[in-house]
Amino acid sequence: MTVSSLSNSAYRNLARGDQRIRFNVEDFGYIAAYPEGQIRLFSESAGPSLELGYPLEEMRQHLLEELEVRQNFHLNTPLYVWIELTRRCNLTCPHCYIEGGLARSNEMPTDEIIRLLHEMAVMGVWAVVLTGGEPTLHPDFGELVNYARSLGLLVGIATNGMFLSERLLDSLPRKGVIISVSLDNLHVMDHPEGNFKVATEGILRSQKMGFLTNIMTNTNRKDIDHLHGFIDWAKDHGVSVRAIPFSPIGRGGLNRELENTPDDVQQAAECWIKEMEWEHEYHAKWGLCAGTIFDYGLTLGYLTRRCSSGRSICYLSSDGTIYPCTSCAGEKILSPGNVKGKNFADFWRSDWEIRHYSWDNFKSTCEGCVINRPEYHCSSRCPAMSYARHRQYFKCGASDFEILSTVVRTAMLKQSHLSAYEHYIERGLVANVGDERA
């Protein structure tokens, strides 16, 4: 079976709904996602069984045992694509990676976004996250969400929550859509009760109308004392949580005083453990969604010793420029070009500069670092974070806070009921990494 015929077969299956196995052909065999949320790599022998929808417990003999990682390793199809509908936003938050506020001067028309969504679905993309700016300010926001779901794409909506009216929500499909609302005490808004009231009201309204919901929060100097409260509220109301540290990406580079310090490590680590435990419980209940797919990209990055940017994920700017990830988009680096008027599959499968980079490029930088050991998951071997801090691609992308946090969090994780490597390593799979291979 050829790549193109399998992609078309997968596309035909989209009409069957989300209770199916999503799978794509890859150079090593197959990558497949089960509706319960498990994502696995399989050998070439798995094809017929995947087509017939065999459950995971009957697929053990087809699990990939070794993965050869060549220099420009990437999946033939991205699993997850951020699509910036517009950079227009009613807020100008100090940590916005994309510097939202004014729309770009040459943003793509709706029919171009529709074309790209269609090509992504035919290609076999599993999930898209519609973001901005503020995506709900796009005049055809509802149409685009509905169209993406009609193609079978799982949809995430990244919003500040201020425009989640009943009328808007009622126009959107419920199944396969998760609404993620920012809540981090950094929004600038004229509201007497601030971001918490606006964001939580939007979340509860979305839940009431049948949507999965998520809190996106940013760990920073202004909200460090509120993180426990955010997570407790989320657990009490059945909302997932995704927290990331403040970074000097985009507008964040102008507001570095918001970055956490080592004094915040213990409190942030305790919140992170609480978040991980709740996320594990939440995803076990709700199964495959944009969040579980993103997490698998982190797993694949750890396994292959190179980040997932441009390898299993990418970012589409509202002017059509492609970036490997949100961080590269924020720093405006490592773009392989503009996809307007081009076939998305051909564009993805072209040669991207970032795919020639790996952890090996950081070898001299990381030598002697306390977290440069197998038991630690360091996400700061990152060209974009290095560029934001040093204007070079292969310096350390971590702050003192992040280095110490990694040590403390790992120690706490080993004491929790979660496996220390559960979120990072696919067990039983060995990566044969060799950058010298063609």
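Reply: Contact here means heavy atoms within 4.5 Å. Leaving aside residues up to four places away in sequence, I293 touches I39, L79, Y80, W126, A127, L154 and L288. The model is predicted, so local features need pLDDT of at least 70 and side-chain atom pairs pLDDT 80 or more, whereas totals for chains, interfaces and linings use all residues. Numbering starts from 1 along each chain as its sequence is written, and side-chain values use heavy atoms, without hydrogens or water.

A nonpolar core is a set of buried Ala, Val, Leu, Ile, Met, Phe, Trp, Tyr and Cys residues joined through side-chain atoms within 4.5 Å; buried means under 20% relative accessible area, with a 1.4 Å probe and protein chains only. The largest such core has 103 residues, and I293 is among those touching the most other members, together with Y80, I83, L117, M120, V128 and F344. Helix α3 (residues 110-123) contributes the most to this core, seven residues; helices are DSSP runs of H or I with at least four residues, strands runs of E with at least two, numbered from the N terminus. A separate core holds eleven residues, including V25, A32, L50 and L56.

Pairing requires at least two DSSP bridges between the strands. I31 has L41 as its bridge partner in β3. Five residues separate the two strands of this hairpin, and G37 has a positive phi near 115°.

Definitions and conventions. Buried < 20%, exposed > 50% of the residue type's maximum accessible area, 1.4 Å probe, protein only.
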